[in-house]
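Please keep the sequence and the structure in view while reading.

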Amino acid sequence: MVEELILDNTFSKEDKYKTLLPQIEALVFGEQDIIANLANIGAALKSTFHFLWVGFYLVKNEELVLGPFQGSIACTRIKKGKGVCGTAWQQAKTIIVPNVDEFPGHIACSSASKSEIVLPVFNKKNEIIMVLDIDSEELNTFDETDEKHLLQITKLIMSFS
Ligand code: SME
């Protein structure tokens, strides 16, 4: 298992993702424990991009329940259709929020959060089993580049779920 990520802060966002994905694949290779893998994936994303908060909410009994995360304490349960996370789950699609103050029903776990991206994670039966939630301290942080590469990470999670 790799012990340290190779990071280059001079890289573009695209290049950071391209460098990170194979390292994440190596990190989870041969490990089937989902919590261990999610914890490392969250840490890898946080340390590469210095996002405010990176974490997973797991689908449990018709609710999202806080899973492995990196960042400040966060709300533990989110109902379907609530907040950005519950909406991404309900609509089964990625949601990019350029300004959280303009998203009706946004759940503010931290007043420092300004923009957000949430991607649903599917299992092999095409059921949503969790969402990946990333918060930024700056407005307009997330775009199609994040969506494209984070989607690859959700597909990797599917492979061991
Ligand atoms: N902002 C999220 C809640 C989770 S925190 O960002 C960690 C939402 O509106 O669903």
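Asn 61 is exposed because its relative accessible area is 75%, where exposed means over 50%, buried means under 20%, and partly exposed lies in between (1.4 Å probe, protein chains only). Asn 61 belongs to the loop between strand 1 and strand 2 (63-70); here helices (H or I, at least four residues) and strands (E, at least two) are DSSP runs, numbered from the N terminus. The C-alpha atom of Asn 61 is separated by 30 Å from that of Ala 112, and the two residues are 51 apart along the chain.

The model is predicted: local features need pLDDT of at least 70, side-chain atom pairs count only at pLDDT 80 or more, and totals for chains, interfaces and linings use all residues. Residues are numbered from 1 along each chain as its sequence is written, and side-chain values use heavy atoms, with hydrogens and water left out.

Glu 31 is found between helix 1 (13-28) and helix 2 (34-49), and it counts as partly exposed because its relative accessibility is 34%. Its C-alpha atom is separated by 16 Å from that of Ala 43, 12 residues apart along the chain.

Ala 92 is not a glycine, yet it has a positive phi of about 55°. This residue is placed in the loop between helix 3 and strand 4 (95-97) and is partly exposed because its relative accessible area is 37%. Ala 92 and Pro 120 are 28 residues apart along the chain, while their C-alpha atoms are separated by 6.2 Å.

Asn 140, also not a glycine, has a positive phi of about 55°. Asn 140 lies in the loop between strand 6 and helix 4 (144-159) and counts as exposed because its relative accessibility is 55%.

The ligand is the next topic. Which residues come nearest to the ligand? Of the 13 residues around it, these are Val 84, Cys 85, Ile 107, Glu 116 and Asp 135; a residue is near if one of its heavy atoms lies within 4 Å. The table lists polar contacts, that is, pairs of N or O atoms within 3.5 Å.

| Residue | Protein atom | Ligand atom | Distance |
|---|---|---|---|
| Cys 85 | backbone N or O | oxygen | 2.8 Å |
| Ile 107 | backbone N or O | nitrogen | 2.7 Å |
| Glu 116 | side-chain N or O | nitrogen | 3.0 Å |

The protein covers 99% of the 310 Å² of accessible area that the ligand has on its own, with areas taken from the Shrake-Rupley method with a 1.4 Å probe. Strand 1 (53-60), helix 3 (83-91) and strand 6 (128-136) are the elements that give two or more residues to the shell around the ligand. Helix 3 supplies the largest share, 3 residues. By class, this shell has 8 nonpolar, 2 polar and 3 charged residues; Ala, Val, Leu, Ile, Met, Phe, Trp, Tyr, Cys and Pro count as nonpolar, Asp, Glu, Lys and Arg as charged, and the others, Gly among them, as polar.

Technical notes: A polar contact is a pair of N or O atoms within 3.5 Å; within protein, one must be able to donate a hydrogen and the other to accept it, and residues adjacent in sequence count only if both atoms are side-chain atoms.
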